[in-house]
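Here is a short report on one structure. Look at the whole picture before reading on.

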Amino acid sequence: MRMTPVLRSSHRRAGFDAVFHGLLLLCSLLVLAMLGGLILLMATGGWQAFTRFGLSFFTTVSWNPVKDTYGVLAPLLGTLVSTLIAMLIAVPMAFGTAFWLTYIASGRFASIVGTTIQLLAAVPSIIFGMWGFQTIVPFIARDVQPFLNHHFRHVPVLGSMLSGPPVGTGLVTAGIILAVMIAPFITAVMVDVFGAVPPMLRESAYGLGATRWEMMRKIVVPWSRNGMIGAIVLGMGRALGETMAVTFIIGNVTTVGWSLFAPRSTVASLIALQFPESPEGSLRLSSLMALGFILMLLSCVSLALARCLRGKRQ
Amino acid sequence: MTEPVISPASSSEADRAGSESGRWRPGRKALRRQMLDYVATGVSIVAGSVLLLVLVSILWTLLSRGLVGLSWATLTHRMGPPGSGGGLANAIVGSLLQTGLALLMAAPVGLMCGIYLSEYGRKGNHFASAVRFVADMLMSAPSILIGLFIYQLLVVPFGHFSGFSGAVALAVLALPLIVRTTEDMLRLVPTSMREAGAALGAARWRVILSLCLRSARKGVTTGILLALARMGGETAPLLFTSLGNQTMSTDMTRPMASLPIAIYQYAGASYEDWVQLAWTGALLVTFGVLLINITVRLSSRH
């Protein structure tokens, strides 16, 4: 008889625990459902465009609301090329900064500089767009492109890459802004990765007479290669989907061409700009959704890639 | 790992010749290695300085363009037609309302999901690792896609843009951030703490809520605040969900103004005073976001 209250309370406790567990499980399911819903709604939204255009959706250049024909080649190329330019700038910059912060600068100074650089990653992307439009665009239009054009106009491939009127908006400008936006992020991950190199290895390199740079190149880089590539791919994922900053500075013209300085468009900027003019249920909106779906796939693939590469290290 | 090959270059002929003259002088090869080291160091410092300069340049541009327009009227008047002395009051109110509501939605769900991952989803739980992967994927999903998603989910069925759907979009954006920081912070709580709680006879939910969560309180708050800072500056998801509004509105079921949208609409305008408002708004948003970040980073250092 005296056992009953204890039993009852332990029953109730088990009940509470089960309810609590269920609640937690439910919230986790919600997170799963969110990604599922995101992909599903993009796919169903873009279905009309995919079935209508088929494979030609990927090979058509024109984005023509008047004729109601849409192709993703121009924005897709814009996204890929601007991301490539961004990576070419951001990776060396992030690598150098991480090298500086981990092994060159002294402790307290390095932590202050590191925190300050991390603040750059917190600046909203629309601000980067406005700043880029205010400072980088005139700089490219007035100084960089005329200068390069003057000196390299007659070099076969390079010449056509530099051609076009000096408006300042375009792939290079977008690449520069994207690079500045993702470099702090890549730097942060690289600092973590470099910090994880066993001190014993570094000290033995110094003991053998290596300079700091030799230690970096022959010990730290091989040791942290996978982590570094993971960081780079994660940064790439961010550059692929960046919208607001790019919309300000890419020029927003859906064309394909060799010039890196002519106005272009990217997937994300095209969605942001065309959406308000696309009525609900139209083929145009469906094409935008299809673009979104492609962007989602790109982002998922880059993240999975980063996961694989980082996983190998451990 | 590849084998570290450090050439013992200092023992080359040139070095030995150099050391014979009494005082050691580096030979040509050693000199080259030294120079390479200097160059690499210099380039690295330049790379870091460029990033610092960019931040300074952004802050300087914001201050020089935005501070001029910062006045009491900007903060208290609502947006209006060009030349009418409009301000940003409705955008500020809209931003606060939407971010606040988003936080109210995202924080509990994110906390609970984080608790699940940390307390029930240790090694070998495939469901938990799937959730973790999906949270990472949501975190790196382009924010504009989250806008499109909520547009399809909430705007199309209800037939109109609304502040509520804007808040949901922001919540989706913040959720994965809160999940991952909560999990990371709870993982730092030592197992002995949980064992002590269990030994005292506390139920598992009790141990988690009043012991683990309590001792990880600081880190979890940091995560939530950083998520708040991220939401405050987001434009892309709001573009398709809350749309923006010229009038003062606190009705969550109607289109609602917000600071980032106002900046986006005004920055490309051809009216002088609208562009000025855009810069002032940009100044407000950036310093708000940076203030949260700095506070959080300073307090978490101790």
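## A bend in a helix

This is a predicted model. Start at A:Ile140, where helix 5 of chain A bends by about 45°.

Helix 5 covers residues 125-152 of chain A, 28 residues in total. A straight helix would reach 40 Å at 1.5 Å a residue. The end C-alpha atoms of helix 5 are only 33 Å apart.

## Buried residues in helix 5

Is A:Ile140 buried or exposed? A:Ile140 is buried. Other buried residues in helix 5 of chain A include A:Ser125, A:Ile126, A:Ile127 and A:Phe128. A:Gly129, A:Met130, A:Trp131, A:Gly132 and A:Phe133 are buried too. Further along the numbering, A:Ile136 and A:Gln145 are also among the buried residues of this helix.

## Chain A as a whole

Now step back from helix 5. Chain A holds 13 helices and two strands. Of its 314 residues, 49% count as buried.

What is the radius of gyration of chain A? The value is 25 Å, whereas a compact globule of 314 residues would have one near 20 Å. Along its principal axes, the C-alpha trace of chain A spans about 95 × 70 × 35 Å.

Take the contacts in chain A with a separation of 6 or more: 75% of them come from residues 24 or more positions apart.

## A domain in chain B

Chain B carries an annotation. An unreviewed UniProt entry places the feature "domain: ABC transmembrane type-1" at residues 92-296 of chain B.

Over residues 92-296, chain B is 78% helix and 0% strand. The end C-alpha atoms of that stretch are 22 Å apart.

Terms used. Residues numbered from 1 in each chain as written. Chains lettered and ligands numbered in written order. Predicted model: local features only at pLDDT ≥ 70, side-chain atom pairs only at ≥ 80, totals over all residues. Helix = DSSP H or I, 4+ residues; strand = E, 2+ residues; numbered from the N terminus. Rg over C-alpha atoms; globule rule 2.2 N^0.38 Å. Buried ≥ 20, exposed ≤ 12 C-beta atoms within 10 Å, placed from the backbone. Contact = placed C-beta atoms within 7 Å. UniProt positions renumbered as here; feature names shortened; annotations may be inferred. Expected span 1.5 Å × (residues − 1). Bend = angle between axes of the 7 residues up to and from the residue.
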